[in-house]
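Hi there,

Here is the structure I promised to pass on to you. Have a look at it first, and then read my notes below.

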Amino acid sequence: MNAGQYTMVAYVIVGVLMWGYAAHLFWVGRSLKRREMRTGEKP
Amino acid sequence: MSMLRTTFRSAYWAIAGLSFGATVYAVFNCTPDEATMGTIQKIFYFHLPLAICTFLSCTVAFVGNIAYLWQRRTKWDDLSAAAANVAVLLCTGVLITGMIWGRCAWGQWWTWSPRLTFSFLLWLLYVVYLMVRTSVTSPQRRAIVSAVYGIVAFLDVPLVYLSASLLPDIHPGHVQLAPAMQLTLAFCFIPVTMLAAGLIAVRFNLNRRERLVSDAQQSEYAAALPFAAVGGAV
């Protein structure tokens with residue numbers, strides 16, 4: 001691999017880490033909303 | 001009010017996403033290559049903002065830990081947990097981008113220089129912080145134990161910051177940049193800071209809601225318990 005490819009890989013990893021975690025939180029929020037509906041808590 | 005909040009959230013994440021894409025484009029297409037290191041220096045434009053935001057997240061967790069021990073309000077515990085989660089995520093990014101840079105600039109993935117060692121220690125300390133939180137079942141006990149541990153863990157942050165300037169280190173302590181590079185670096189702080197702040201806010205909100213739901217479930221079980229006990233006795 002050359003320096004340009006290493007740089008691209010680094011940017012892809014940073015993007016996947018940050019936006020992947022944001023997506024994970026989005027899905028946690030959705031499943032939490034279902035639990036809130038069951039317990040009667042106001043979402 | 002709810003509609004306004006939803007619009008604000010959508011706009012916030014849209015701006016974060018657009019600025020993230022725009023800065024990546026600017027890094028690769030509008031910023032000159034550094035004279036000695038070449039293309040690999042472009043990792044620096046996200047490496048530094050990630051590192052600064054890691055310090056900020058650790059500081060938020062630290063403030064939350066102190067405030068919890070002072071006031072014993074659960075919102076501070078939830079804030080510390082959220083900030084520690086994001087600190088681990090950002091620190092992972094710092095370590096990975098640093099390792100890739102080291103592979104090209106120094107010819108090796110890792111070296112036990114002071115800043116790298118203290119950065120790895122910081123990541124490890126906050127991973128253990130999250131593990132400590134999952135291992136204690138009582139919410140009150142968990143909050144106290146993790147607050148005390150979090151205050152001790154934060155002591156590594158100044159060590160990471162000062163290590164490159166106070167100790168002999170292969171890691172550069174101060175970097176001189178051309179004006180075009182400085183501008184790109186300044187722009188890169190926008191999406192990383194927005195993402196870090198947004199993730200802490202979302203995680204904090206989820207922690208608050210999870211606590212309410214688990215409290216409601218526990219009170220439901222407690223309400224059902226006397227009938228179960230009577231049924232069992234009969």
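**What I found**

Ile100(B) counts as buried because 22 C-beta neighbours lie inside 10 Å. (A residue is buried if 20 or more other C-beta atoms lie within 10 Å of its own, exposed if 12 or fewer, and partly exposed in between, with C-beta atoms placed from the backbone.) Ile100(B) sits in helix α3 of chain B. Helices (H or I, at least four residues) and strands (E, at least two) are DSSP runs, numbered from the N terminus.

Before going further, please keep in mind that this is a predicted model, in which local features need pLDDT of at least 70 and side-chain atom pairs count only at pLDDT 80 or more, while totals for chains, interfaces and linings use all residues. Residues are numbered from 1 along each chain as its sequence is written, and chains are lettered from A and ligands numbered from 1 in the order in which they are written.

Which residues does Ile100(B) touch, leaving out those up to four places away in sequence? They are Tyr6(A), Val9(A), Ala10(A) and Ile43(B). Here, touching or being in contact means that the C-beta atoms of two residues, placed from the backbone, lie within 7 Å. Ile100(B) and Val152(B), in turn, are 52 residues apart in sequence and 30 Å apart in space, C-alpha to C-alpha.

Chain A has one helix and zero strands. Its C-alpha trace spans about 55 × 10 × 5 Å along the principal axes. (The expected span is 1.5 Å times one less than the number of residues.) Just after α1(A), Gly40(A) takes a positive phi of about 85°.

Of the 43 residues of chain A, 14% count as buried. In α1(A), the buried residues are Ala3(A), Thr7(A), Ala10(A), Val14(A), Met18(A) and Tyr21(A).

How many residues of each chain take part in the contact between A and B? There are 21 from chain A and 26 from chain B. On the chain A side, 14 are nonpolar, four polar and three charged. For these classes, Ala, Val, Leu, Ile, Met, Phe, Trp, Tyr, Cys and Pro count as nonpolar, Asp, Glu, Lys and Arg as charged, and the others, Gly among them, as polar.

**The core**

The largest nonpolar core has 58 residues, and those with the most contacts inside it are Ala83(B), Val86(B), Ala87(B), Leu90(B) and Tyr126(B). (Such a core is a set of buried Ala, Val, Leu, Ile, Met, Phe, Trp, Tyr and Cys residues joined through C-beta atoms within 7 Å.) Its largest share, 17 residues, comes from α3(B). Ala87(B) touches Thr54(B), Ser57(B), Cys58(B), Ala61(B) and Tyr126(B), again not counting residues up to four places away in sequence.

**Helix α4 of chain B**

Helix α4(B) covers residues 114-135, and its 22 residues reach 31 Å from first C-alpha to last, close to the 32 Å expected. Among its buried residues are Phe118(B), Leu122(B) and Tyr126(B). The buried residues of α4(B) pack against α3, α5 and α6 of chain B.

The axes of α3(B) and α4(B) come within 9 Å and cross at roughly 145°. (Axes are lines fitted to C-alpha atoms, for helices over the stretch in contact, and angles run from 0 to 180 degrees between N-to-C directions.) The residues of this contact divide into 14 nonpolar, three polar and one charged.

**A few single residues**

- Thr7(B) lies in helix α1 of chain B. Thr7(B) is exposed because it has 10 other C-beta atoms within 10 Å.
- Leu56(B) lies in helix α2 of chain B. Leu56(B) is partly exposed, with 19 other C-beta atoms within 10 Å.
- Arg72(B) is in the loop between α2 and α3 of chain B. Arg72(B) has a positive phi of about 55° although it is not a glycine, and it is partly exposed, with 13 other C-beta atoms within 10 Å.

Enjoy exploring!

Best wishes
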